[in-house]
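User: I have a chain open here and want to go through it piece by piece. Can you take my questions as they come?

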Amino acid sequence: MILVCVTDQQSCDRLIYAGYRLAQNRNEPLEVITVRPRIMGKCTDSSDCWLASPEIQYLTEITISLDAELHFIFNDRPAEAIAQYIKNHKIKRLVTGVAPDGEISPFNQTIAERVPELLIYQVTESGTVIKPGQSLNKSQARRGRSVFDQAN
């Protein structure tokens, strides 16, 4: 199974499409997941309590159009929640975005530490897929021409 992590950014559509292509190539099912904060009791006004957004609606529509499943997790620690989901569902491949600075993001680092056998594919802003085991040059991360080194 291929799991794609998205946030509430419209540009996460590139992650879903990259995950879809990977799932099609590997003949595996696709799932999309997002982690939303648990805000019970933390709302200062009604705008703080809104868990949906036009961006999430857009990503939901893309996910549905690709016959993939969409999961919402409510947790204040996204990386830990995703790592636990991966373990519970025996996910083998994860698709995420590339950190803006070209380094491994703290999110991906936490997941890689908790699930070392997981293959993490990263997608640049331009939509280039960075496969596990390849290296990412920081200047190329923004241009989307290389890949990041994932210890397995």
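User: Start with α3 and α4. Is their crossing left-handed or right-handed?
Analyst: The crossing of α3 and α4 is right-handed. This is a predicted model, so read everything here as computed from it.

User: Which residues make that contact?
Analyst: From α3, the contact uses Pro 78, Ala 79, Glu 80, Ile 82, Ala 83, Ile 86 and Lys 87. From α4, Phe 107, Thr 110, Ile 111 and Arg 114 take part.

User: How do those residues divide by type?
Analyst: The contact of α3 with α4 has seven nonpolar residues, one polar and three charged.

User: And the geometry: at what angle do the axes of α3 and α4 cross?
Analyst: Roughly 35°, and the axes come within 9 Å. Helix α4 covers residues 106-114.

User: Now the other pair, α1 and α2. What are the angle and the axis distance?
Analyst: Helix α1, residues 13-26, packs against helix α2, residues 54-65, at an angle of about 15°. Their axes are 10 Å apart.

User: Why call α1 and α2 roughly parallel?
Analyst: Angles under 35 degrees count as roughly parallel, and at about 15° α1 and α2 are therefore in that class.

User: Which hand does the crossing of α1 and α2 have?
Analyst: α1 passes α2 in a right-handed crossing.

User: Which residues meet there, α1 against α2?
Analyst: Asp 13, Ile 16 and Tyr 17 on the α1 side meet Tyr 58, Leu 59, Ile 62 and Thr 63 on the α2 side. By type, the residues of this contact are five nonpolar, one polar and one charged.

User: Step back a bit. How many helices and strands does the chain have?
Analyst: Five helices and six strands. In sequence order the pattern is β-α-β-α-β-α-β-α-β-β-α.

User: What share of the chain is buried?
Analyst: Buried residues are 44% of the 152 residues. The accessible surface of the chain is about 8,400 Å², and carbon and sulfur atoms hold 49% of that.

User: Pick a residue in β1. Where is Leu 3, and is it buried or exposed?
Analyst: Leu 3 is in strand β1, which runs over residues 2-5. Leu 3 has a relative accessible area of 0%, so it is buried.

User: What does Leu 3 touch, apart from its sequence neighbours within four places?
Analyst: Leu 3 is in contact with Glu 31, Val 32, Ile 33, Tyr 85, Ile 86, Ile 91, Arg 93, Leu 94 and Val 95. Its C-alpha atom is also 7.3 Å from that of Gly 19, 16 residues apart along the chain.

User: What about Ser 11, where does it sit?
Analyst: Ser 11 is in the loop between β1 and α1. Its relative accessibility is 37%, so Ser 11 counts as partly exposed.

User: Backbone next. What is phi for Asn 27 and Lys 90?
Analyst: Phi of Asn 27 is near 55°, and Lys 90 has a positive phi of about 55°. Most residues other than glycine have a negative phi.

User: Where are those two, and how exposed?
Analyst: Asn 27 lies in the loop between α1 and β2, and is exposed at a relative accessible area of 72%. Lys 90 lies in the loop between α3 and β4, and counts as exposed at 64% relative accessibility.

Key: Residues numbered from 1 in each chain as written. Predicted model: local features only at pLDDT ≥ 70, side-chain atom pairs only at ≥ 80, totals over all residues. Heavy atoms only, no water. Axes fitted to C-alpha atoms, helices over the stretch in contact; angles between N-to-C directions. Helix = DSSP H or I, 4+ residues; strand = E, 2+ residues; numbered from the N terminus. Parallel < 35°, antiparallel > 145°, perpendicular 65-115°, else oblique. Left-handed = near helix turned anticlockwise from the far one by under 90°. Contact = heavy atoms within 4.5 Å. Nonpolar A, V, L, I, M, F, W, Y, C, P; charged D, E, K, R; others polar. Buried < 20%, exposed > 50% of the residue type's maximum accessible area, 1.4 Å probe, protein only. Areas by Shrake-Rupley, 256 points an atom, 1.4 Å probe, with all protein chains shown as cover.
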